[in-house]
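Welcome, and please open your viewer. We will go from one selection to the next and look at what is there.

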Amino acid sequence: MTALSASFRRPRIDSTNGVWLALGVTLIVGGILVATDGGSLFGQNSTVSLLQRAAGLGIVAVGQTFTILAGSLDLSVAYVISLTSLIAAETMANSDGRVLPAILAVLAVSAAIGLVNGLLITKLRINAFIATLGVGLLIKGYLEQGYAGPAGQVPVSFQHLGYDRFGPVPVAFVLFIGVAAVAWVVINRSRYGHHLIATGGDLDVARLSGVRTDLVLIRTHVICSICAGIAGLYLASRLGAGAPRVGAEGGYDLESIAAVVLGGTVLAGGRGGVAGTVGGVLLLAVIDGIFNQLAVDPFFKQVIRGVVIVAAVAIYALRLRRKGSA
């Protein structure tokens with residue numbers, strides 16, 4: 001009888017499963033609403049648009065997952081995306097032979113920015129919010145001073161990244177899933193990943209246990225900035241040029257944090273993972289796709305997105321409180 005009861009026991013819904021469940025419900029409800037309005041949420045064009053929208057945000061959100069797991073965050077990613085899109089386009093200068101140097105330059109610059117963020121946080125003990133916001137504003141000032149509009153040109157061969165696809169699946173989305181898979185392995189199967197979780201869980205305990213927490217945080221911010229640089233490459237391939245405001249106008253800083261939180265990663269650090277972030281990114285992309293199909297007012301769209309994020313965090317906090325009091 002006990003075994004029979006166990007076999008019918010309800011599956012445990014944690015924060016990661018919850019976001020995937022919410023994604024499924026949103027797809028069903030959204031599909032019905034869009035169909036009622038005369039459109040189709042699951043047509044090839046809609047699916048391609050949805051996955052392309054998810055790709056750029058997803059790559060940044062994977063990097064942001066590292067920082068939040070470590071108990072930090074990165075508000076400079078939006079400006080890193082803008083800067084690296086310009087570096088890519090200006091270095092390539094419409095030449096196939098300069099694609100590889102441009103990619104290397106983007107990775108080097110984005111890693112350097114992540115290094116600066118990490119050093120400010122660990123060596124000068126500046127709060128991550130202030131440090132990364134300050135670095136972001138420095139980059140913003142440089143972009144506003146040096147660029148009035150798009151610059152550089154990406155060769156047609158590099159634009160395959162932004163426009164080619166395997167059936168209905170864009171190449172960029174495959175890149176996003178690849179980045180997420182590598183991140184999952186690093187977080188769950190590497191020594192650095194274990195140290196990352198320990199640092200985010202309790203910085204002092206991790207340090208007393210022998211974890212070099214400063215090094216972990218520096219590496220984490222370098223990884224996050226590199227992910228933003230990869231997103232900059234993707235957006236340059238989509239636009240065909242570098243754009244000084246593409247990151248800020250896309251809201252990649254707050255959107256990436258929202259996707260991570262929706263995916264169940266705790267803002268205080270130490271708990272969560274990339275699988276939930278992928279679900280959070282797709283949930284935000286689906287909500288956007290539904291609203292676009294229904295031609296919802298942009299202001300109302302932002303209100304609904306805010307309500308969804310606050311509700312997700314509130315439900316998770318309530319579950320934690322109940323567990324703590326049990």
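Buried here means under 20% relative accessible area, exposed means over 50%, and partly exposed is in between, using a 1.4 Å probe and protein chains only. Helices are DSSP runs of H or I with at least four residues, numbered from the N terminus. The model is a predicted one, where local features need pLDDT of at least 70, side-chain atom pairs count only at pLDDT 80 or more, and totals for chains, interfaces and linings use all residues. Residues are numbered from 1 along each chain as its sequence is written, and side-chain values use heavy atoms, with hydrogens and water left out.

**Stop one: α13.** Select residues 252-262, which form helix α13. Because 10 of its 11 residues are buried, α13 is largely enclosed by the rest of the structure. Among the buried ones are Tyr252, Asp253, Glu255 and Leu262. Just after α13, look at glycine 264, whose phi is positive, at about 100 degrees.

**Stop two: α5.** Now select residues 99-122, helix α5. Its 24 residues should span 34 Å at 1.5 Å a residue, and this agrees with the 34 Å between its end C-alpha atoms; the expected span is 1.5 Å times one less than the number of residues. Buried residues of α5 include Val99, Val106, Ser110, Gly114 and Thr122. What covers the buried residues of α5? The cover includes α4 (77-92), α6 (128-146) and α11.

The axes are lines fitted to C-alpha atoms over the stretch in contact, and angles run from 0 to 180 degrees between N-to-C directions.

**Stop four: serine 237.** Stay in α11 and pick serine 237, which counts as buried at 0% relative accessibility. Its side chain reaches the backbone oxygen of tyrosine 234 at 2.5 Å. Leaving aside neighbours within four places in sequence, serine 237 is in contact (heavy atoms within 4.5 Å) with residues including Val154, Phe158 and Tyr163.

**Stop five: threonine 84.** Finish in α4 with threonine 84. Is threonine 84 buried or exposed? Threonine 84 is buried, with a relative accessible area of 0%. A polar atom of its side chain lies 2.7 Å from the backbone oxygen of valine 80. Not counting residues up to four places away in sequence, threonine 84 touches Val106, Ser110, Ala228, Gly229 and Gly232.

Note on methods
Helix = DSSP H or I, 4+ residues; strand = E, 2+ residues; numbered from the N terminus. Polar contact = N/O pair within 3.5 Å; in protein donor to acceptor, adjacent residues only side chain to side chain.
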